[in-house]
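Subject: Structure handover

Hello,

Please find the structure we talked about below. My notes on it come after.

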Amino acid sequence: MSCPIGVFDSGYGGLTILKDIVKEMPEYDYIYLGDNARTPYGTRSFDVVYKYTREAVLKLFGMGCKLVILACNTASAKALRTIQQVDLPRIDPQRRVLGVIRPSVEAVADFTGNGHIGILATSGTVASESYLLEIAKIHSEKGFLVTQQACPTWVPIVENNEMNSPGAAFFVQKYIDTILQADPQIDTLVLACTHYPLLRSVIDRFIPEGITVIQQGEIVARSLKDYLCRHPEMERELSRRGQIEFLTTEKGGMFDKMAALFMQAEVTSRHVEL
């Protein structure tokens, strides 16, 4: 029986996570599910994000996935804990759902030299304070100073394929300048939204020398590989045909065009209902 790794996002951004996971571990099978019909999640309440995310996780479970990655910062912030603590014990204690925030938070200690960390994220992720709480919990003894900055225009810029426009440069510089004015000592910036890697070439133009920029995809991929090494009972369950299936709640043709931009490869999807 096929047992792919499920990767879920509210839209397209999780494809940057999937791309790096596949690059790190191409031998496994994957199912990517984008809830594009109901995106964005960032402006929705905790209850709604939990409801939608739970529906997507159950869909992936029903398709044979025993391990699901929430490749979405909003879903990781607003739904992951409840799914892990409430739903999984009832549904199947042997299944696992993992997020993208904890691996990113664990990694910051490897990059920062002075403990001044900046978080660039959507308004929803900033409002959830998930990064502040996780960094305080995991690195409590280090006394890191964390500054958050919401970048509400960055996702629309990416999804309208305007990364190389003058407007993109203006809004990227605006939010980088704002967070560095709030704490000029920041030496590590976390791109805490899976869309933001597509703006990386623009972001790099406005980052002063000496500041490290962290992208989540590579970190999550390495963390997942380590997780499977530490959990051979799960790793043995996974099917290995090197196949990727793309699912969307939106019309497939629309998804395929945008997904190709994120994956840097041709994508063919099929429509599903949640």
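This is a predicted model: local features need pLDDT of at least 70, side-chain atom pairs count only at pLDDT 80 or more; totals for chains, interfaces and linings use all residues.

Some of the pairing can be given residue by residue. β2 and β9 are parallel and joined by five bridges, and in this part of the sheet L33 stands opposite L247 of β9. L247 also has a bridge partner in β10, namely R270. Strand β9 (residues 244–248) runs parallel to β10, with three bridges between the two. T248 is paired with H271 of β10.

**The four-stranded sheet**

Another open sheet has four strands in the order β6-β5-β7-β8, with parallel pairing. Here β6 (145–150) and β8 (212–215) are at the edges, each with a single partner strand, so one side of each is left without a neighbour in the sheet. Neighbouring strands of this sheet are turned by 20° against each other on average, again with direction ignored.

Strands β5 (residues 116–121) and β7 (residues 188–191) run parallel and are joined by four bridges. The bridge partner of L120 in β7 is L191. Helix α7 (residues 130–138) lies across β5, β6 and β7, and runs at about 165° to β6.

**Helix pairs**

Two packed helices are described by the angle between their axes and the distance between the axes. Both values are given below for two pairs.

For α1 and α11, the angle is about 45° and the axes are 8 Å apart. That makes α1 oblique to α11, since an angle counts as roughly parallel under 35 degrees and as roughly perpendicular from 65 to 115. The crossing of α1 past α11 is right-handed. On the α1 side the contact is made by T16, I17, D20, I21 and E24, and on the α11 side by Q216, G217, E218, V220, A221, R222, L224 and K225. By class, this contact has five nonpolar, three polar and five charged residues.

Helix α2 (residues 46–62) and helix α4 (residues 80–91) have axes that come within 12 Å and cross at roughly 40°. The two helices are therefore oblique to each other. α2 passes α4 in a right-handed crossing. From α2 the contact takes in Y50, T53, R54, V57, L58 and F61; from α4 it takes in T82, I83, D87, L88, R90 and I91. The residues of the contact of α2 with α4 divide into seven nonpolar, two polar and three charged.

**Salt bridges**

The structure holds 18 salt bridges. One of them is formed by R38 and E55, whose closest N and O atoms are 2.8 Å apart. This pair links distant parts of the chain: R38 is in the loop between β2 and α2, E55 is in helix α2, and the two are 17 residues apart.

**Backbone points to check**

Most residues other than glycine have a negative phi, and most peptide bonds are trans. Against that background, two places may be worth a look in the viewer.

- The peptide bond joining T39 and P40 is cis, with omega about 5°. P40 is in the loop between β2 and α2.
- E129 is not a glycine, yet has a positive phi of about 60°. Its place is the loop between α6 (123–128) and α7.

Regards

Terms used
Residues are numbered from 1 along each chain as its sequence is written. Side-chain values use heavy atoms; hydrogens and water are left out. Two strands pair if DSSP finds at least two bridges between them. Axes are lines fitted to C-alpha atoms, for helices over the stretch in contact, and angles run from 0 to 180 degrees between N-to-C directions. Angles under 35 degrees count as roughly parallel, over 145 as roughly antiparallel, 65 to 115 as roughly perpendicular and the rest as oblique. A crossing is left-handed if the near helix is turned anticlockwise from the far one by less than a right angle, and right-handed if clockwise. Contact means heavy atoms within 4.5 Å. Ala, Val, Leu, Ile, Met, Phe, Trp, Tyr, Cys and Pro count as nonpolar, Asp, Glu, Lys and Arg as charged, and the others, Gly among them, as polar. A salt bridge is a side-chain nitrogen of Lys or Arg within 4 Å of a carboxyl oxygen of Asp or Glu.
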